[in-house]
Amino acid sequence: MVYALILIAGSGKRFDEKVSKNLLLVNNKPLFIYPVETCFKNSNIDKIILVVNKNEKVLIKSFLKQYEIKKTAIVLGSNISRYESLKKGISFIEKKYNPSLDDIIITLDGDRPLVSNDLINKSIEVTSIHNACNTSLKVYDSVINNKRNNFTYVDRTNLFTVQTPQTFKYSIWKNDTKQEGTDLFSSLNFKLRKENFIEGDYFNIKITTKKDIEVLAKLIDCLKI
């Protein structure tokens with residue numbers, strides 16, 4: 001079994017909008033629906049679990065019905081941290097589906113609307129062979145560290161940015177020690193190796209600011225999504 005765990009419980013404090021960014025209409029479609037539709041149409045995904053903010057549950061259910069998206073379950077997330085929401089989502093999978101150790105869980109950010117089927121499928125493929133898969137992009141821009149107004153350039157040779165999907169066999173979560181982290185693999189002690197990485201996608205942008213919405217709308221128009 002392959003479970004898609006889509007995290008959309010965040011408050012989006014940096015977004016500066018009264019309405020949650022997950023529910024904002026982009027080209028007449030709620031932001032979170034884009035990655036959910038992609039997962040719904042992906043033949044490799046058996047179940048979709050949405051980890052949501054309790055204040056948005058009713059609206060999210062109504063949008064799922066409107067867009068005729070099935071095989072989904074809704075779990076209330078945490079307003080404390082992404083890690084706590086992740087734990088709630090995996091706990092639901094454990095209790096509801098009793099996954100085998102070889103079952104695959106693919107975690108996705110609900111605010112990465114342009115995640116592609118190719119990226120999802122590659123992540124599942126690598127995980128089936130190497131137990132886990134992380135998605136990243138090499139940093140090509142110059143990087144500056146500002147520490148107490150002391151600006152210094154950072155060597156970017158070995159720097160990468162991390163995207164989702166982040167994918168793992170359930171055995172990794174079951175057997176590894178866990179701690180608070182900013183994403184899946186920073187929450188685990190699983191030692192990632194070269195074979196656990198795939199190259200990300202520059203279209204797979206994360207929506208964090210209002211400017212990102214403008215960029216997204218233009219990309220959707222260009223890609224005719």
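**View 1. Asn131, the residue that follows helix H4, has a positive phi.** In this predicted model, the residue after H4 is Asn131, and its phi lies near 80°. Helix H4 itself takes in residues 117–130, and at 1.5 Å a residue its 14 residues should span 20 Å, which agrees with the 20 Å between its end C-alpha atoms.

**View 2. Helix H4 has a buried side and a face turned away from it.** The buried residues of this helix are Leu119, Ile120, Ser123, Ile124, Val126 and Thr127. They cover an arc of only 165° around the axis, and therefore they sit on the same side of H4. An α-helix has 3.6 residues a turn, so residues three or four places apart point the same way. The buried residues of H4 pack against several elements, including helix H1 (33–41), strand E1 (2–8), strand E6 (104–109) and strand E7 (132–138). Strand E10 (160–169) and strand E11 (197–199) are also among the elements against which these buried residues pack. Asp118 and Ile129, by contrast, are exposed residues on the face of H4 turned away from its buried side.

**View 3. Helix H6 is followed by Lys224, a residue with positive phi.** Helix H6 runs through residues 210–223, and its 14 residues reach 20 Å from the first C-alpha to the last, close to the 20 Å expected at 1.5 Å a residue. Its buried residues are Asp212, Ile213, Leu216, Ala217, Leu219 and Ile220. Seen down the axis of H6, these buried residues fall within an arc of 165°, so they line one face of the helix. They pack against strand E2 (25–26) and H1, while Lys211, Lys218, Asp221 and Cys222 are exposed on the other side of H6. After the helix comes Lys224, whose phi is near 55°.

**View 4. Lys71 and Asn149 are loop residues with positive phi, although neither is a glycine.** Lys71 is found in the loop between helix H2 (57–66) and strand E5 (72–76), and its phi is near 45°. Because its relative accessibility is 31%, Lys71 counts as partly exposed. Asn149 lies in the loop between strand E8 (143–147) and strand E9 (150–154), and its phi is near 60°. With a relative accessible area of 64%, where exposed means over 50%, Asn149 is exposed.

**View 5. A cis peptide bond joins Thr164 and Pro165.** The omega of this bond is about 20°, and Pro165 is found in strand E10.

**View 6. Asp111 and Lys21 form one of the eight salt bridges that the structure holds.** The closest N and O atoms of this pair are 2.7 Å apart. The bridge links distant parts of the chain, since Asp111 is in the loop between E6 and H4 and Lys21 is in the loop between E1 and E2, 90 residues apart. Asp111 counts as buried at 8% relative accessibility, and Lys21 counts as buried at 11%.

**View 7. Arg112 meets Asp109, and Glu37 meets Lys29, in salt bridges between side chains.** The distance from N to O is 2.8 Å for Glu37 and Lys29. Glu37 is buried, with a relative accessible area of 14%, and Lys29 counts as buried at 16% relative accessibility. For Arg112 and Asp109, the distance from N to O is 3.1 Å. Arg112 counts as buried at 8% relative accessibility, and Asp109 is buried with a relative accessible area of 8%. Elsewhere, salt bridges that share partners join Lys21, Asp111 and Lys206 into one network.

Definitions and conventions:
Residues are numbered from 1 along each chain as its sequence is written. This is a predicted model: local features need pLDDT of at least 70, side-chain atom pairs count only at pLDDT 80 or more; totals for chains, interfaces and linings use all residues. Side-chain values use heavy atoms; hydrogens and water are left out. Helices (H or I, at least four residues) and strands (E, at least two) are DSSP runs, numbered from the N terminus. The expected span of a helix is 1.5 Å times one less than its number of residues. Buried means under 20% relative accessible area, exposed over 50%, partly exposed in between (1.4 Å probe, protein chains only). The arc is that of the directions from the helix axis to the C-beta atoms. Contact means heavy atoms within 4.5 Å. A salt bridge is a side-chain nitrogen of Lys or Arg within 4 Å of a carboxyl oxygen of Asp or Glu.
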